[in-house]
Amino acid sequence: MEKKKKRLVIRTAILAVLAGLVMYTLYTNLTKESRGSLEEGDRAPDFVLRDVNGQTHQLSDYEGKGVFLNFWGTWCEPCKKEMPYMEKLAKEYEGQVEILAVNVGESDFQVENFAKQYGLTFPIAIDEGKEVMDTYGVDPLPTTFMIKPDGTIEQIVIGGLVQEDQLRALFERVKPSS
């Protein structure tokens, strides 16, 4: 009798996981149009945003380098976990892969406090009206676009990158050939 109970629990767990995957697939396919239609291989749309220091950042200024374009929020737990790895790799890949972190719709005060708390030195742009977020079809946060030196999107990562190895592999994919 104990074996039957155990099998039932295992089968139920497997079915629950499969049902979750089916629901996720349906969600991503049915909402793709509302999220935007950027795909890997597309040219990354250019934009200009200002950072917390008042400097402007234009995506096309980074041409010739790989770009780690990360959309995030100060309230986002996965965002908090990936920031220390981003800071470490920004220094390690300096001049090859640039990080441009785009905060979505929060105040300079919130972003500055967050940057100080995590010791962030890479550019943090503010997308006040969420226009760039909408152009890129970002939903949910965090979402990261890995952009090759020629300006094309190499990979789109939805969700947090919570291990240093994950980020390092992405940086390697877009760094310029020597």
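Colleague: Where in the chain is Pro140?

Modeller: Pro140 lies in the loop between helix H5 (131-136) and S6. Helices and strands are DSSP runs numbered from the N terminus (H or I, at least four residues, for a helix; E, at least two, for a strand). This is a predicted model, in which local features need pLDDT of at least 70, side-chain atom pairs count only at pLDDT 80 or more, and totals for chains, interfaces and linings use all residues. Residues are numbered from 1 along each chain as its sequence is written, and side-chain values use heavy atoms, with hydrogens and water left out.

Colleague: What omega goes with the cis peptide bond that joins Asp139 and Pro140?

Modeller: Omega is about 5° for the cis bond between Asp139 and Pro140. The bond from Leu141 to Pro142 is also cis, with omega near -10°. Pro142, too, is placed in the loop between H5 and S6.

Colleague: What makes Lys130 stand out in its phi?

Modeller: Lys130 is not a glycine, and yet its phi is positive, about 65°. Lys130 sits in the loop between S5 and H5.

Colleague: Why is Lys130 called partly exposed?

Modeller: Buried means under 20% relative accessible area and exposed over 50%, with partly exposed in between (1.4 Å probe, protein chains only). Lys130 has a relative accessible area of 37%, so it is partly exposed.

Colleague: How do you know that Ile124 is buried?

Modeller: The relative accessible area of Ile124 is 5%, and therefore Ile124 counts as buried. Ile124 is found in strand S5.

Colleague: Which residues is Ile124 in contact with, leaving aside its neighbours within four places in sequence?

Modeller: Its contacts (heavy atoms within 4.5 Å) are with Arg50, Asp51, Val52, Trp72, Ala101, Asn103, Val111 and Ala115. Two of these residues, Val111 and Ala115, are among the buried residues of helix H4 (residues 108-118).

Colleague: How do you know that the buried residues of H4 line one face of the helix?

Modeller: The buried residues of H4 are Val111, Phe114 and Ala115. Down the axis of H4 they fall within an arc of 100°, so they line one face. The arc is taken over the directions from the helix axis to the C-beta atoms. An α-helix has 3.6 residues a turn, so residues three or four places apart point the same way. The cover over the buried residues of H4 includes S3, H3, S4 and strand S5 (124-127).

Colleague: Which exposed residues are on the face of H4 turned away from its buried side?

Modeller: Phe109, Lys116 and Gln117 are the exposed residues there.

Colleague: Why does Phe109 count as exposed?

Modeller: Phe109 counts as exposed because its relative accessibility is 60%. From Phe109 to Val52 the C-alpha atoms are 8.5 Å apart in space, while the two residues are 57 apart in sequence.

Colleague: What follows H4?

Modeller: Gly119 comes after H4, and its phi is positive, near 65°.

Colleague: Why is H3 called oblique to H6?

Modeller: The axes of helix H3 (residues 77-92) and helix H6 (residues 164-174) come within 10 Å and cross at roughly 40°. That angle makes H3 oblique to H6. Angles under 35 degrees count as roughly parallel, over 145 as roughly antiparallel, 65 to 115 as roughly perpendicular and the rest as oblique. Axes are lines fitted to C-alpha atoms, for helices over the stretch in contact, and angles run from 0 to 180 degrees between N-to-C directions.

Colleague: Which residues of H3 and H6 meet?

Modeller: On the H3 side they are Glu82, Tyr85, Met86, Lys88, Leu89 and Glu92, and on the H6 side Glu164, Leu167, Arg168 and Phe171. The residues of this contact divide into 5 nonpolar, no polar and 5 charged. Ala, Val, Leu, Ile, Met, Phe, Trp, Tyr, Cys and Pro count as nonpolar, Asp, Glu, Lys and Arg as charged, and the others, Gly among them, as polar.

Colleague: What makes the buried residues of H6 line one face of the helix?

Modeller: Glu164, Leu167, Leu170, Phe171 and Val174 are the buried residues of H6. Seen down the axis of H6 they fall within an arc of 130°, so they line one face. They pack against strand S3 (66-72), H3, strand S4 (97-104), strand S6 (143-147) and strand S7 (153-158).

Colleague: How many helices and strands does the protein chain have?

Modeller: The protein chain has 6 helices and 7 strands. Buried residues make up 40% of its 178 residues.
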